[in-house]
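Let's walk through this fold together, one piece at a time. Have the model open as you read.

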Amino acid sequence: MAREKFGTLTEQMFYILLALDQASCGVDIMERIRSLTAGRVTLGPGTLYALLADFQKAGYIAETAVEGRRRSYQITPKGRDLLAAEQRRLRQMTADYDRGMGGGQG
């Protein structure tokens with residue numbers, strides 16, 4: 001059975017939405033993600049701009065400004081709901097792990 005495109009978020013998707021709590025252009029998004037994750041997660045421009053287009057088409061982000069080729073985006077209320085749902089899912093997985101590993105002692 002195929003999974004809905006935004007049924008669960010990849011790590012890159014999660015961090016893009018998280019980085020867009022303030023209006024940002026692509027370069028700023030990549031830097032914010034690098035900062036949030038202490039360099040653990042990086043995105044190339046191809047991946048970033050493809051995901052931004054998908055998120056915008058689905059209504060999870062909105063374009064806030066265009067200056068020449070530079071475009072800025074910000075998360076929408078619908079995007080915040082998606083991000084919050086993913087955060088709840090991840091917390092549940094962590095709780096399940098803790099229970100499954102004998103109360104977190106594994």
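Two strands count as paired if DSSP finds at least two bridges between them. Helices (H or I, at least four residues) and strands (E, at least two) are DSSP runs, numbered from the N terminus. Keep in mind that this is a predicted model, where local features need pLDDT of at least 70, side-chain atom pairs count only at pLDDT 80 or more, and totals for chains, interfaces and linings use all residues. Residues are numbered from 1 along each chain as its sequence is written, and side-chain values use heavy atoms, with hydrogens and water left out.

Start with the sheet. It's an open one, built from 3 strands in the order β1-β3-β2 with antiparallel pairing. β1 (24–25) and β2 (61–67) sit at the edges with a single partner strand each, so one side of each has no neighbour in the sheet.

Now zoom in on β2 and β3. β3 covers residues 70–75 and runs antiparallel to β2, with 6 bridges joining the two. A65 has S72 in β3 as its bridge partner, while V66 stands opposite R71. The two strands make a hairpin with 2 residues between them, and G68 in that turn has a positive phi of about 65 degrees.

On to the helices. The axes of α1 (residues 11–19) and α2 (residues 26–36) come within 9 Å and cross at roughly 105 degrees; axes here are lines fitted to C-alpha atoms, for helices over the stretch in contact, with angles running from 0 to 180 degrees between N-to-C directions. That makes the pair roughly perpendicular, a label for angles of 65 to 115 degrees. In contact terms (heavy atoms within 4.5 Å), Y15, I16, L18 and A19 of α1 meet I29, R32, I33 and L36 of α2.

Conventions
Parallel < 35°, antiparallel > 145°, perpendicular 65-115°, else oblique.
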